[in-house]
Every structure is written in structure tokens, then in C-alpha cells.
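I'd like to walk you through one protein model, step by step, so please have a look at it while I talk.

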Amino acid sequence: MIRPWERLPVGVQVAIAFPTWTILLFLFHLGPLNQPPVRAVFYGVFWSLFFTPAVVLATQHELRKRREREGDSADDGAVRDPVGGPSAS
């Protein structure tokens, strides 16, 4: 379930995450926080502006970590210098 999400372009991730977060946060502010509907809509949109980039950035970070981890495990045992490239030794 995670890998197909990670393979989506960033724009598609934003297009999926923003309305999803808006609805979830609207319902959260409307229900448990007992906000009036107009205020719940405002808070849903407002907080989605913060949650959406956080989700997309976290996704990109995890994808980069996985690629590095898989690249290291697929490595043929070459010694790497501190910068990350192959060592001259």
C-alpha cells in the first residue's frame, strides 16, 4: 500500500492528500471539538495547508531512505568514502 503511494508524482499526492485532510479535519473540528460548521470548515482547510506538505515531505523522505537502504544492500561490498562515493583505495 505504501509503495504505490510513493510512486505517485508529488502533484498527485497533494491532490489526494489535501481534500482527504480537509474532510478529516473538518469532521474532527465539527465532532469532538464541537466547533460551529463554518468554523470547522475554516479549520479543516487551514490545518490541511500544514498537514498536506508534512505528509508529502515525509513520503519523499521515506522513499529516499528506502532507496539508499536498498542501494546499500545491493552494493557489492565496495568501500565508500565519507562523502558517499566509491573509495579510490
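Before we start, one term: accessible area here comes from the Shrake-Rupley method with a 1.4 Å probe. With that in hand, the protein chain exposes about 6600 Å², and carbon and sulfur atoms supply 69% of that area.

Please keep in mind that this is a predicted model. How confident is the predictor in the protein chain? The mean pLDDT is 87, and 82% of the residues reach 70 or more. Among the elements, helix 2, residues 10–30, has the highest mean pLDDT, at 97, while helix 1, residues 2–7, has the lowest, at 89.

Now the overall layout. The protein chain has three helices and zero strands, so if you follow the chain from the N terminus, you read α-α-α. Of its 89 residues, 17% are buried. And if you take the contacts between residues at least 6 apart in sequence, 49% of them join residues at least 24 apart.

Let's stop at the loop between helix 2 and helix 3, where you will find Asn34. Its phi is near 55°, a positive value in a residue other than glycine. Is Asn34 buried or exposed? Asn34 counts as exposed, because its relative accessibility is 64% and the cut-off for exposed is over 50%.

Next, the aromatic residues. How many aromatic pairs does a search of the whole structure find? There are six. Take Phe42 and Tyr43: their ring centres are 5.6 Å apart and their planes sit at 55°, so this pair is tilted. Then compare Phe46 and Phe50, with ring centres 5.2 Å apart and planes at 65°, which makes the pair edge-to-face. Why do the two pairs get separate labels?

Phe46 and Phe50 both lie in helix 3, which covers residues 37–73. They are four residues apart, about one turn of the helix. Ring pairs also join Phe42, Tyr43, Phe46, Trp47 and Phe50 into a cluster.

How covered up are these rings? Tyr43 is partly exposed at 27% relative accessible area, Phe46 is partly exposed at 31%, and Phe50 is partly exposed at 47%. Some of these residues turn up again in a nonpolar surface patch of about 720 Å². That patch is made by Val41, Phe42, Val45, Phe46, Trp47, Leu49, Phe50 and Phe51. Phe51 also has its place in helix 3, and at 32% relative accessibility Phe51 counts as partly exposed.

Let's move on to charges. How many salt bridges are there? The count comes to three.

Glu70 pairs with Arg3, with the closest N and O atoms 3.2 Å apart. This pair links distant parts of the chain, since Glu70 is in helix 3 and Arg3 is in helix 1, 67 residues apart. Both partners are partly exposed: Glu70 at 37% and Arg3 at 42%.

Glu6 and Arg66 also meet in a salt bridge, at 2.3 Å from N to O. Here too the pair links distant parts of the chain, with Glu6 in helix 1 and Arg66 in helix 3, 60 residues apart. Are these two buried or exposed? Glu6 is buried at 7% relative accessible area, and Arg66 counts as buried at 17%, because the cut-off for buried is under 20%.

The remaining salt bridge joins Lys65 and Glu62, with the closest N and O atoms 3.4 Å apart. Both lie in helix 3, three residues apart, about one turn of the helix. Lys65 is partly exposed at 34%, and Glu62 is partly exposed at 35%.

One last stop: Gln60, which is found in helix 3. Which residues does Gln60 touch, leaving aside its neighbours within four places in sequence? Gln60 is in contact with Val10 and Gln13. The C-alpha atoms of Gln60 and Glu6 are separated by 7.2 Å, although the two are 54 residues apart along the chain. Gln60 itself is partly exposed, at 23% relative accessible area.

Definitions and conventions: Residues numbered from 1 in each chain as written. Predicted model: local features only at pLDDT ≥ 70, side-chain atom pairs only at ≥ 80, totals over all residues. Heavy atoms only, no water. Helix = DSSP H or I, 4+ residues; strand = E, 2+ residues; numbered from the N terminus. Buried < 20%, exposed > 50% of the residue type's maximum accessible area, 1.4 Å probe, protein only. Contact = heavy atoms within 4.5 Å. Phe/Tyr/Trp six-rings, centres within 6.5 Å; stacked < 30°, edge-to-face > 60°. Patch = residues over 30% accessible without salt bridge, like charges linked within 9 Å, V, L, I, M, F, W, Y side chains within 5 Å. Salt bridge = Lys/Arg side-chain N within 4 Å of Asp/Glu carboxyl O. pLDDT = per-residue confidence, 0-100.
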